[in-house]
Amino acid sequence: MRIAAISDLHVIPNDEDDFLLAEIRKKVEEIEPDVFVVAGDLSDDLDTLSRTLGMLRVDDCENLFVAGNHDVWFDESGGPGSLEKYSRLIGQECRRRGFLHLPDAPFIADDLAFIGSVGWYDYSFRREDMDIPIESYEHKEHNGAIWYDLFRIDWTMTDVEATEIFNRRIEYDLSTLPDSVRHVVYVSHHLPFQELTIYKDRLPWDFHSAFMGAKSTGEVLLRDGRVLLSISGHSHIRNLIKIDGLTAMTVPLGYGRPDREHMKEFIREAVAEIHIEGAAVNVVDFVSGDICAGLPYVDSRH
Ligand SMILES: [Fe+2]
Ligand SMILES: [Fe+2]
């Protein structure tokens with residue numbers, strides 16, 4: 001089983017990003033994967049999200065998508081809420097574009113299953129030694145630093161409740177897999193393991209790190225025993241770790257854009273290639289860190 005994976009393209013529908021998307025698809029076609037995974041944060045605009053999926057879709061391979069927080073941001077001027085986007089509209093666009101929206105249903109290939117979730121955060125990644133009151137996380141604001149989901153997410157429940165519901169859905173998906181499934185790949189946007197998060201011992205960075213994911217999600221995965229690999233986005237710093245034999249990675253591209261001359265190299269760094277044989281997971285030439293460091297980016301990109 002060969003997998004190509006990427007996340008966090010944060011697309012603007014313009015020529016520059018059309019070129020980027022075409023280059024990503026070319027790179028994925030070169031890899032010739034069985035499964036192409038896109039782990040969220042394409043666009044808060046549903047039309048742009050849909051169009052982007054259409055441009056990324058690769059033939060002769062299963063194309064899988066998991067929505068990110070930006071994808072479920074509601075439009076301040078009206079339109080569908082986060083829950084409607086996540087539970088109905090994004091799946092609809094995926095089907096239209098030849099993608100499977102994994103949170104709607106697992107994908108099973110022989111003895112390997114892919115399950116997916118946006119994942120969420122419950123502030124369990126917070127730096128307790130920084131003595132920031134829990135209310136600051138609940139309000140998503142600390143000393144002027146804001147986590148922007150504050151204005152654009154309307155789950156109609158608390159973050160802790162959202163995390164619990166998404167965890168329960170993962171448990172449900174795991175518990176209802178057919179007996180023939182021996183191994184599982186988990187795809188999410190938010191991080192299931194704190195060890196994937198990069199801390200910098202400074203604010204507001206480490207305040208924002210509390211919004212990266214939830215420890216309880218990783219516990220669900222480890223408890224199951226069949227999960228070999230976890231692929232996530234959200235953090236724009238690429239990371240690859242092993243936890244109790246489980247390979248966990250983040251595969252973001254990010255906000256930066258190189259000039260066309262350097263695009264191929266940039267895309268080569270951005271698209272992760274993973275091979276699974278039996279229970280063995282092999283990540284090929286993984287590039288860690290922030291591949292957008294030093295590159296120009298457009299302010300309105302979100
Ligand atoms: Fe992102
Ligand atoms: Fe994100």
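Start by selecting the open sheet of six strands whose order is S4-S3-S2-S1-S13-S14, with mixed pairing. Here two strands pair if DSSP finds at least two bridges between them, and strands (E, at least two residues) and helices (H or I, at least four) are DSSP runs numbered from the N terminus. Strands of a sheet pair through backbone hydrogen bonds, either parallel or antiparallel. Look at the edges: strand S4 (100–101) and strand S14 (280–284) each have a single partner strand, so one side of each has no neighbour in the sheet.

Before moving on, note that this is a predicted model, in which local features need pLDDT of at least 70 and side-chain atom pairs count only at pLDDT 80 or more, while totals for chains, interfaces and linings use all residues. Residues are numbered from 1 along each chain as its sequence is written, and chains are lettered from A and ligands numbered from 1 in the order in which they are written.

**Stop 1: a strand pair at the edge**

Select strand S13 (residues 272–277) together with S14. The two run antiparallel and are joined by five bridges. Which residue of S14 is the bridge partner of Ile274? It is Val283.

**Stop 2: the whole chain**

Zoom out. The protein chain has nine helices and 14 strands. Its C-alpha atoms fill a box of roughly 50 × 45 × 35 Å along the principal axes.

**Stop 3**

Now select the open sheet with the order S5-S6-S9-S10-S12-S11, which has mixed pairing and six strands. Strand S5 (107–109) and strand S11 (239–243) are at its edges, each with a single partner strand, so one side of each is left without a neighbour in the sheet. On average, neighbouring strands of this sheet are turned by 15° against each other, direction ignored. For such angles, axes are lines fitted to C-alpha atoms (for helices, over the stretch in contact), and angles run from 0 to 180 degrees between N-to-C directions.

Focus on S11 and strand S12 (residues 246–250): five bridges join this antiparallel pair. Lys242 stands opposite Thr247 in S12.

**Stop 4: helices lying on that sheet**

H6 lies across strand S6 (112–117) and strand S9 (183–188), running at about 165° to S6. H8 lies across S9, strand S10 (227–232) and S12, at about 155° to S10.

Two packed helices are described by the angle between their axes and the distance between the axes.

Show the side chains of Thr163, Asn167, Ile170, Glu171 and Leu174 in H6, which meet Ser216, Thr217, Val220 and Asp224 in H8. Contact here means that C-beta atoms, placed from the backbone, lie within 7 Å. These contact residues divide into three nonpolar, four polar and two charged. Ala, Val, Leu, Ile, Met, Phe, Trp, Tyr, Cys and Pro count as nonpolar, Asp, Glu, Lys and Arg as charged, and the others, Gly among them, as polar.

**Stop 5: helix H1 and its partners**

Go to helix H1 (residues 15–31) and helix H9 (residues 263–270), which pack at about 55° with axes 10 Å apart. That makes H1 oblique to H9. In H1, Phe19, Leu20, Glu23, Ile24 and Lys27 meet Met263, Lys264, Ile267 and Arg268 of H9. By class, this contact has five nonpolar, no polar and four charged residues.

H1 also packs with helix H2 (residues 46–56), at about 40° and with axes 9 Å apart. Leu21, Ile24 and Arg25 of H1 make this contact with Thr52, Met55 and Leu56 of H2.

**Stop 6: two backbone details**

Select His10, in the loop between strand S1 (2–6) and H1. Its phi is positive, about 45°, although His10 is not a glycine. Finish at Pro204, in the loop between S9 and helix H7 (205–208). A cis peptide bond joins Leu203 and Pro204, with omega about 5°.

Note on methods. Two residues are in contact if their C-beta atoms, placed from the backbone, lie within 7 Å. Angles under 35 degrees count as roughly parallel, over 145 as roughly antiparallel, 65 to 115 as roughly perpendicular and the rest as oblique.
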